[in-house]
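Visitor: Please take one chain of this model and go through it closely. Start with a single residue, then work out to where the chain meets its partner.

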Amino acid sequence: MIARAGLRGRDGAFWFLFILPALAVYAAFMAAPVIDSLRMSFFSGSGYAVDNFVGFDNYVKLFTDPETSTRFLKAFTNNWEFFGITMLVQNTFGLAFALILSAKGFKGKGFFRTIIFVPVTLSVLVTGYIWKLILNPQWGELNILLTKAGLGSLALPWLGDTRFALPAITLVSAWQWVGLPTMMFLAGLERIPEELFEAAQIDGAGGWLTFSKIKLPLLLPVIGIVTVLTFVGNFNAFDVVYAMEGANGPPAYATDLMGTFFYRTGIAGQHPVGIPDMGLGAAVAAVTFAVLFAGVLLANRLMNKDEAERGPAMDGGRA
Amino acid sequence: MKNGKFLKTVALVLALTAVLAISAPAQAKVQLTMGSWRADDVTQMTKLLAAFTQKYPNISVKFDPTNPPDYNAALNLQLQSGIGPDLMYARSYDTGVQIFKQGYFADVTDLPGLKKVYSDLARAPWADENGRSFAVPFCAVSHGVYYNVDLFKKLGLSVPQTWEDFLATCKKIQAAGVTPVANGLADQWDINEVVMMNILPNFIGGPQGRLDYEAGKTKFNDAKMVAAFQAMKDLAAFCPKGFEALTYNDSNALFVNQKAAMYFDGSWTMASFTDMKFDWSVFAPPPPKGMKGYVTFHPDSGIAMNPKTKYPTECKTLLQWLYSDEAAAIVSNNIPTGFFTIASNAAKITDAHANAFLQMSKSHPTDVRFVWPRLMSGKPSGYNLLNDGTIAVMTGKMSPQQAADALQNGLAQWYVPSK
C-alpha cells in the first residue's frame, strides 16, 4: 500500500524517466545542432572559427548581394521544379503501382512489390553513378538504343543540357524512390474495408467510379503524408545532384538545389580556393528550415481541416 | 667493506644513468607528419621520405594525405584546433597567403640556402606581398596538348604551329571520322584549368599581358580576351558528340581508346598513360598567327611548417634537405610523374615522356594559370567568371564578347584595379 502510494506520488516524474533517453538523444543530435546552426547564421568568420557577430548581415547578403542572391533564387526555383516533377511522376506512378498491386486476382504481387522497392534500398551515389553511365552521350545505353531505333536526333547530352538536366535528375530520383509511395498507398488501399467495394459493386459502380469515389477519397490522408515526405525529402536533397552532376549544379547552375548551394557555401567552399563561409551557409540552412517548417505546417493545417470536415466517414464509418 | 661496496654500486648506477642520459636524446626517434592533398602520391612520397630517413635515421616522416576536395577545409579545421600536422602541403598564391596571415604557417624565409636555390620568381607563389616565404616551393605542373602520334602519322599530319593550323588539323581529323579533341564540359574545372587557361597566355601575351590586366591597364573585355573566348567557341565544334555532358574521366578514356586524336590536359595525367597501345606525345598549345607561344607552368604545391610543431629543428632539417644539392636527383625522380621541381638545382628526369613535357616549358617562355595570382580572393571569383563564360560560349549561350564583358563586370565588383 505504502509503496503504491509512493509510486503514485511520484507519478509526474516517473513517466518522464521513460522518455528521457529518447529526449536526450533528440536534444543532443537534432535540436541542439539546429539551434546552434541558427545561432551561427548571425556570425561570420574564416574557415571554422565562426565567432564574429554580424547581426542579420548574412541574411541581407543572401537576399541582396547580386552573386549570392542570384544563385540562391535559382536553387530555390529549381527545388520547386524538382518537387513538382517528383509529385507528378513519382507519386502518380506510386499510386498507379499500388492500384495494380492491390487489384484482385493480380498475380506476382510479391515479386513486383520487391522489384519496385529494391532501388529504395540502394545508395543514391550508386544509382546516380549507374544512371550517369546510362545517360552518357558517348557510351550510354539510352543514346545507343535511341540511335539504333533510328531516333539519333534525340540522342542528346541529357545531363549537359540546361533544358533537360534537372528533369533527367528528377526522373532518376523518382525511379529510385517510387517504391516508398507505392508501399504507403498499398498499405492505405489494403486498409479500406472490403464491404465498401462489395456495396459499390452491388450498386453497379465500375472501376473508375470505385477509384474516384471510394479509393481516392479514403487515400487522401496517405496522399497528404506522401506529399509532406516528398516535400521534405526534395528540399533536403543533395546527394542525387552531387552524384550525377557535381556540387556546382551544372550545367550553368541548372541543377543547383538548396542542398548543393548550401554545401558549396557553408561546407566545401568554392573550388579551387575551398574556404567555406559557414555563417552564410548557416543562413541558407535557416531559410531552408523555414521553408520546410512553413510547408509542413501548411500541409498539417490542410490535412486536419480535411479530416475535420469529413469526420467519421473517412474511416468507412468505423471510427 | 660494506660501505665500499655500497659506494661502488652507487657510482655504477650514477655512471649508467649518465650514459643513458647522454644517449637518450641521440637515440630518440622523432616522427613528423606531413599533410597533403595528393592522395594519389602515397607510394612515391613514401619512397622520397624514406630516402630522407636514410640520411637522418632519427627522423621519420609520415605522409598523411586527405581527399583533395576536402584538404583546404580539413587543414583549416586542424590548424585552428591545434592538431595540424608538423609539415603540410601549401597551396600557391591567395589560398596559401590567407593561412599564413592567420599565423598557421611558419615563416621560412630565412632558411639557409632557400634564396639561392629558388629565385624570387620561384618563391613568389608561396610568399606574401612583403616577400616573406611561408613554404618551400615543391612542385609545379605543366599543361599541353596530348596527341596520338600513330594517328597523326596515319593521317599525314604534323604538329600544328599556329592556332589557325591547329583548327585546320582538327578539320582534317574530323573528316577522317575521328573526334579531334577529347575534352568535355561536365566536370567544369577541366575546361577552365586545362583548356582555357592552357591557351590563354598565347592570346594575351604571356605574363606581361596578364600583369597588364591585373594592374588595370587592360580591361578584361579587350580584344585579346574576346579572341581567347572565340578560340574556345571554335574549339567546341571539334569536341566529342555530347561533350556538354562528358566528364574529365570520359575525355581521358576517349583519348586512351583512340576515339579522340588530341587531349588538352595537365602533365599530371601522364601518370595514367603508362600502358598505352599507341605512341603518344605532347605539344605546346599553338599561338594565333603572329603571336608568341607560351606554356602554362603552374606552381602547384609548396611545403610549409606548422609554427606550433614540437619538432621545429627536425622540420627545418627536412625542408632544407628537400632543396639540397645532394637530394636534387632523389627528389626530381621520386616526385610523382608529371610534377616538376622548381629548384634551380633540379636534376634531369629519367622518364622520357615527363622529360618531353618539361622540355616544352624550357623551350617556351612560361606563365601561370591566369586567375591564380590575383583574381580569386573576391566574389564573384575570376575563376568562376572565366569558367562560366567559357562554358556559355562553347554551348552557344553567350557570344565571346558577352563572356568577356561578364568577366570585366564581375571583377569590377570587387577587384579595385579593374574598376
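Guide: B:Ala124 is partly exposed, at a relative accessible area of 38%. Buried means under 20% relative accessible area and exposed means over 50%; partly exposed lies in between (1.4 Å probe, protein chains only). This is a predicted model: local features need pLDDT of at least 70, side-chain atom pairs count only at pLDDT 80 or more, and totals for chains, interfaces and linings use all residues. Residues are numbered from 1 along each chain as its sequence is written, chains are lettered from A and ligands numbered from 1 in the order written, and side-chain values use heavy atoms, with hydrogens and water left out.

Stay with B:Ala124 for a moment. The residue sits in the loop between α6 (120-123) and β4 (136-148) of chain B. Helices (H or I, at least four residues) and strands (E, at least two) are DSSP runs, numbered from the N terminus. B:Lys310 is 186 residues from B:Ala124 in sequence. In space the two are 28 Å apart, C-alpha to C-alpha.

Now the whole chain. Chain B has 17 helices and 10 strands. The C-alpha trace of chain B spans about 105 × 50 × 35 Å along its principal axes. Chain B has 419 residues, and 56% of them count as buried. Contact means heavy atoms within 4.5 Å. Take the contacts in chain B with a separation of 6 or more: 76% of them join residues 24 or more positions apart.

Next, a helix end. B:Asn334 belongs to helix α14 (residues 325-334) of chain B. B:Asn334 is buried, because its relative accessible area is 14%. Leave out residues up to four places away in sequence, and B:Asn334 touches B:Gln44, B:Lys47 and B:Leu48.

Then the cysteines. A disulfide is a pair of cysteine sulfur atoms within 2.5 Å. The count over all chains is 0 disulfides. B:Cys139 is in none; its nearest cysteine sulfur is that of B:Cys315, 18 Å away.

Backbone angles deserve a check. Most residues other than glycine have a negative phi, and most peptide bonds are trans. B:Tyr93 is not a glycine, yet its phi is positive, about 60°. B:Tyr93 lies in helix α4 of chain B. At 13% relative accessibility, B:Tyr93 counts as buried. B:Gln258 also has a positive phi, near 60°, and is a residue other than glycine. B:Gln258 is placed in the loop between α12 and β6 (260-266) of chain B. At 33% relative accessibility, B:Gln258 counts as partly exposed.

Last, the partner chain. Chain B gives 31 residues to the contact and chain A gives 30 residues. The two chains bury about 2,600 Å² between them, with 54% of it on carbon and sulfur atoms. Buried area is the accessible area (1.4 Å probe) that two parts lose on being put together, summed over both. Chain B and chain A have 8 residue pairs in polar contact, both residues at pLDDT 80 or more.

On the side of chain B that touches chain A, the elements giving two or more residues are α3 (71-80), α4 (93-101), α9 (189-204), α12 (248-256) and α16 (382-394) of chain B. The largest share of that side, 5 residues, comes from α3(B). By class, the side of chain B that touches chain A has 13 nonpolar, 11 polar and 7 charged residues. Here Ala, Val, Leu, Ile, Met, Phe, Trp, Tyr, Cys and Pro count as nonpolar, Asp, Glu, Lys and Arg as charged, and the others, Gly among them, as polar.

How values were computed: Polar contact = N/O pair within 3.5 Å; in protein donor to acceptor, adjacent residues only side chain to side chain.
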